[in-house]
Amino acid sequence: MKKKLSRDLILFIILIPLFLIGAFYLSSRVENNLPSYIVDNKGRFGYSIFFQTLKELKHPVDKTTAQVPSQDINSVQIVAETGGFNANSEEVEAWIKNGGTLVYLTPVNIQFLAYGEVPEIKGSLKIYNHGKGKIIGADIDSITNKTLALRKDKAYELYSEITVLNKKIYFNESHMYVQKVQNTLWDFIPVQIKFIIYQLIFVLTAVIYYKSKRFGKPIPFYEETERTENEYLYSAAALYKQAECWDLMFDIYYKSLLKELNCSKEDFLKYWDREKLPSLKKAEKVYEFAKKNNSKKSSKEYMHIISTIESLRKILSKRRELYWNTLKKIK
């Protein structure tokens, strides 16, 4: 396998200069008449040398103007992004997911893909796996005639990656000629300016990411705001108050008091007297009010008795605090 790669590398290096001579000889005549990044363009931004090199090395290579989704999934489709190709379309994604291989050539090797796994970096290439297929990301200028006159390492990396698949290779130019007729503002922007725009996008993304991160070490918060006791009961009582359901509101407050005492309605007054709790008269008033709860009473009476219940609960709260303080002193 290594011997074959070495032989291919030698032939690759020898053949490219030969094609360069012919390509640059005709570049001034054909460059302005043909779109960039196609195999028939022998100018600086054409792919004629890389295409002819693959042919000379006896690899199954051709060009096509049929849409990528209509191609055989057992093929490699080389597509240069010039604005007329949508790699995120459902049809293209489905074609790749079913087993197709897309060589996606983009400016400065930036692919804005809405699918695919985290790319594997192989030299200058980015390999995205998606379903049964894959996307091979590369720089759009890495295999142009102009670049091959100066350096061939990136082109050879792409060559090695696609030829080892043993699939028919197509330079897909289905979007190129449509692009020639319907140019957008982005297409008139030089590659150098596009590169600056991409850099600005990266800087802006980095700033947003940096600003969104938490600054400094998190400080542990040991104190927690104590929840109000019987908070649910108070919430329900507030709703009943809005609806003027005074009897239900009293029932909630009275039950909460009994729950704190852990006694029944019948034993409430006896418990209060037995424990020698203060404000016995207030307790008697609440007890008598509860016995007559079925009779009609004004909202003012209900509010007064609820206020009395609250004062009794405060007495219980103070009694508990006194109890705990006594225990602490004993310890």
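**Surface patch, cores and confidence**

Colleague: Which residues form the nonpolar patch on the surface?

Modeller: Ile193, Ile196 and Leu200 form that patch, with about 270 Å² of accessible area together. Bear in mind that this is a predicted model.

Colleague: Where does Leu200 lie?

Modeller: Leu200 is in helix α8, residues 191-212.

Colleague: Why is Leu200 called exposed?

Modeller: Because its relative accessible area is 55%, and exposed means over 50%.

Colleague: OK, inside now. How many residues has the largest nonpolar core?

Modeller: The largest nonpolar core has 30 residues. Tyr47, Phe50, Leu105, Leu158 and Phe171 have the most contacts inside it.

Colleague: Which elements each supply at least two residues of this core?

Modeller: Helices α2 (48-56) and α5 (153-163) do, along with strands β2 (75-80), β3 (101-106), β5 (125-130), β6 (133-139) and β7 (168-172). The largest share, five residues, comes from α5.

Colleague: And what does Tyr47 touch?

Modeller: Leaving out residues up to four places away in sequence, its contacts include Ala80, Leu105, Ile140, Ile143 and Phe171.

Colleague: What is in the second core?

Modeller: That separate core has 24 residues, among them Trp246, Tyr254, Phe268 and Leu269.

Colleague: Switching to confidence. What is the mean pLDDT of the chain?

Modeller: The mean is 77, and 68% of the residues reach 70 or more.

Colleague: Where is confidence lowest, and where highest?

Modeller: Lowest in helix α9 (residues 231-242), at a mean of 57. Highest in β7, at 96.

Colleague: What about residues 222-227?

Modeller: Their pLDDT is below 50. That stretch has zero contacts in the model beyond near neighbours in sequence.

How values were computed:
Residues numbered from 1 in each chain as written. Predicted model: local features only at pLDDT ≥ 70, side-chain atom pairs only at ≥ 80, totals over all residues. Heavy atoms only, no water. Core = buried A, V, L, I, M, F, W, Y, C linked by side-chain atoms within 4.5 Å. Buried < 20%, exposed > 50% of the residue type's maximum accessible area, 1.4 Å probe, protein only. Helix = DSSP H or I, 4+ residues; strand = E, 2+ residues; numbered from the N terminus. Contact = heavy atoms within 4.5 Å. pLDDT = per-residue confidence, 0-100. Patch = residues over 30% accessible without salt bridge, like charges linked within 9 Å, V, L, I, M, F, W, Y side chains within 5 Å. Areas by Shrake-Rupley, 256 points an atom, 1.4 Å probe, with all protein chains shown as cover. Salt bridge = Lys/Arg side-chain N within 4 Å of Asp/Glu carboxyl O.
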